Amino acid sequence: MKKIYSLDNIPEIKIPLDKPCIVFLHGDLWAGKTTLSKYILQNIFQITSEITSPTYTYYNKYGKNFHFDLYRIWDYDEFFAIWGEDVLDNLEGIALIEWPEKISTYYKPDIIINLTKTDDENKREIEIIYN
């Protein structure tokens, strides 16, 4: 499924997520990966705490759910060093993973979401692939 959504219309996106679930989020900088992650955590999983970008912490935990940002990770060894392997190998909730290319040799996602910028800065083409 590939559709164009405005950032204001993200709630129209229906993503059936069963736990445990690994979701790879692909897209350029500022494509909306964190915005979509916030929506999923707050609206699908009813997380009421503040959802922040894990860019500098590598990942944030919300109950049994995790939001990873691997932009600053160089390789799988670094992912292992931040306990990422332990999290994914024992996952009971969902793991939303931005910049998953660095671990894609080791983990296969249940869902892939590709976000692409459009000519309109408030709209994104969003493709959802279920494996």
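Buried residues have under 20% relative accessible area, exposed residues over 50%, and partly exposed residues lie in between (1.4 Å probe, protein chains only). The model is predicted: local features need pLDDT of at least 70, side-chain atom pairs count only at pLDDT 80 or more, and totals for chains, interfaces and linings use all residues. Residues are numbered from 1 along each chain as its sequence is written, and side-chain values use heavy atoms, with hydrogens and water left out.

View A. Tyr-71 counts as partly exposed because its relative accessibility is 40%. Tyr-71 is located in the loop between β4 (65–69) and α2 (76–81); helices (H or I, at least four residues) and strands (E, at least two) are DSSP runs, numbered from the N terminus. Together with Leu-29 and Trp-30, Tyr-71 makes a nonpolar surface patch of about 410 Å². Accessible areas come from the Shrake-Rupley method with a 1.4 Å probe; for residues, only the protein chains shown count as cover.

**View B. Surroundings of Lys-117.** Lys-117 belongs to strand β6 (residues 111–117). The side chain of Lys-117 reaches the backbone oxygen of Leu-29 at 2.8 Å. Lys-117 and Ala-31 lie 86 residues apart in sequence, yet 5.7 Å apart in space, C-alpha to C-alpha.

Conventions: A polar contact is a pair of N or O atoms within 3.5 Å; within protein, one must be able to donate a hydrogen and the other to accept it, and residues adjacent in sequence count only if both atoms are side-chain atoms. Patches are made of residues with over 30% relative accessible area and no salt bridge: like charges are joined within 9 Å, nonpolar side chains (Val, Leu, Ile, Met, Phe, Trp, Tyr) within 5 Å. A salt bridge is a side-chain nitrogen of Lys or Arg within 4 Å of a carboxyl oxygen of Asp or Glu.
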